[in-house]
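Biologist: Please put the sequence and the model up. I will ask, and you will answer briefly.

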Amino acid sequence: MTLKLTLFSQEKDDFVREILIDSDAKFLELHQLILTDCHYGEHQKQCFLICDEDWRVSGRICLEDNKEMSYDQDINLMSETSIGDFLEDEGQRFAYVFDPEGKRFFLMELTENVFGRKEKEAVVNRRHGFPPMQSLDEEEEQTAGQTENPEEIEEGFYGDEGFEEEELDMEGYEIDE
């Protein structure tokens with residue numbers, strides 16, 4: 001069975017990806033497809049979060065075995081976990097954490113189950129818009145080059161032209177000490 005997934009960002013309204021992937025594929029294949037399509041690098045703490053209809057997290061699929069997690073939690077690895085093990089109902093929601101340091105993620109939804117069709121490999125079926133930068137540091141670097149140097153800012157403040165000190169009525173400003 002083929003799953004049609006929709007990936008979108010809360011940061012960029014015009015960014016949407018529609019992905020077709022076989023339900024037997026591993027989360028690792030989906031992870032790699034997203035990284036490739038968005039031109040992102042891999043980070044060991046990237047993960048998928050399985051969510052309920054209110055976007056509350058109910059499960060986690062990690063890239064690597066995270067030693068920081070408590071032992072009472074199930075550890076699901078992307079390389080070992082099939083997508084169909086967690087996603088089966090249309091409308092089911094999950095998230096992909098692409099920037100663990102900045103706690104940024106894409107929201108995803110299973111939009112359609114296509115029965116009788118198998119995908120050999122995951123593909124991006126539809127693209128719209130450009131993804132956000134992978135890390136906030138990259139965005140800051142990019143916008144830092146666009147900001148003006150304070151020394152280069154023109155002295156063009158509102159009302160500074162034609163100001164003469166004689167026009168200022170100092171008696172109108174009574175200051176009691």
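Modeller: One term first. On a 1 Å grid over the protein atoms alone, a cavity is a set of points where a 1.4 Å probe fits but cannot get out; its lining residues have an atom within 4 Å of a point. Grid points are joined across faces, edges and corners, and a volume is the space filled by probe spheres set on the points.
Modeller: Two ground rules follow. This is a predicted model, where local features need pLDDT of at least 70, side-chain atom pairs count only at pLDDT 80 or more, and totals for chains, interfaces and linings use all residues. Residues are numbered from 1 along each chain as its sequence is written, and side-chain values use heavy atoms, with hydrogens and water left out.

Biologist: What volume does the largest cavity have?
Modeller: Rolling a probe the size of a water molecule over the atoms shows where empty space is left. By this rule, the count is 1 cavity of 30 Å³ or more. The largest cavity has a volume of about 30 Å³.

Biologist: Which element gives the most to the lining of the largest cavity?
Modeller: The lining is made of Leu7, Arg17, Ile19, Leu33, Ile34, Asp37, Cys38 and Val124. Strand S2 (16-22) and helix H1 (27-38) are the elements that give two or more residues; helices (H or I, at least four residues) and strands (E, at least two) are DSSP runs, numbered from the N terminus. With 4 residues, the element that gives the most is H1.

Biologist: How many residues of that lining are charged?
Modeller: Ala, Val, Leu, Ile, Met, Phe, Trp, Tyr, Cys and Pro count as nonpolar, Asp, Glu, Lys and Arg as charged, and the others, Gly among them, as polar. In this lining, 6 are nonpolar and no residue is polar. The charged residues number 2.

Biologist: Which pattern does the protein follow along the sequence?
Modeller: The secondary structure comes to 2 helices and 8 strands. Read along the sequence, the pattern is β-β-α-β-β-β-β-β-β-α.

Biologist: What share of contacts between residues at least 6 apart joins residues at least 24 apart?
Modeller: A contact means heavy atoms within 4.5 Å. Among contacts between residues at least 6 apart in sequence, the share that joins residues at least 24 apart is 61%.

Biologist: What share of the residues is buried?
Modeller: Buried means under 20% relative accessible area, exposed over 50%, and partly exposed in between (1.4 Å probe, protein chains only). The protein has 177 residues, and the buried share is 37%.

Biologist: How far apart in sequence are the parts that tyrosine 40 and phenylalanine 98 tie together?
Modeller: Rings of Phe, Tyr and Trp (its six-membered ring) pair if their centres lie within 6.5 Å; planes under 30 degrees apart count as stacked, over 60 as edge-to-face and the rest as tilted. The whole structure holds 8 aromatic pairs. Tyrosine 40 and phenylalanine 98 form a stacked one, 5.1 Å centre to centre with 25° between the planes. Tyrosine 40 lies in the loop between H1 and strand S3 (47-51) and phenylalanine 98 in strand S6 (residues 93-99), so the parts tied together are apart in sequence by 58 residues.

Biologist: What about phenylalanine 48 and tyrosine 96: how far apart in sequence are the parts they tie together?
Modeller: Their pair is tilted, at 4.8 Å centre to centre and 45° between the planes. Phenylalanine 48 counts as buried because its relative accessibility is 0%, and tyrosine 96 is buried at 0% too. Phenylalanine 48 lies in strand S3 and tyrosine 96 in strand S6, so the parts are apart in sequence by 48 residues.

Biologist: Is valine 16 buried or exposed?
Modeller: Valine 16 sits in strand S2. Residues it touches beyond four places in sequence include Thr6, Leu7 and Arg126. Its relative accessible area is 17%, so valine 16 is buried.

Biologist: Is histidine 39 buried or exposed?
Modeller: Histidine 39 lies in the loop between H1 and S3. Its phi is positive, about 60°, although it is not a glycine. Its relative accessibility is 72%, so histidine 39 is exposed.

Biologist: What relative accessibility does tryptophan 55 have?
Modeller: Tryptophan 55 lies in the loop between S3 and strand S4 (57-62). Its phi is near 65°, a positive value in a residue other than glycine. Tryptophan 55 counts as partly exposed because its relative accessibility is 27%.

Key: 1 Å grid on protein atoms, 1.4 Å probe; cavity = no way out; pocket = protein on both sides within 12 Å on 5 of 7 lines; lining within 4 Å.
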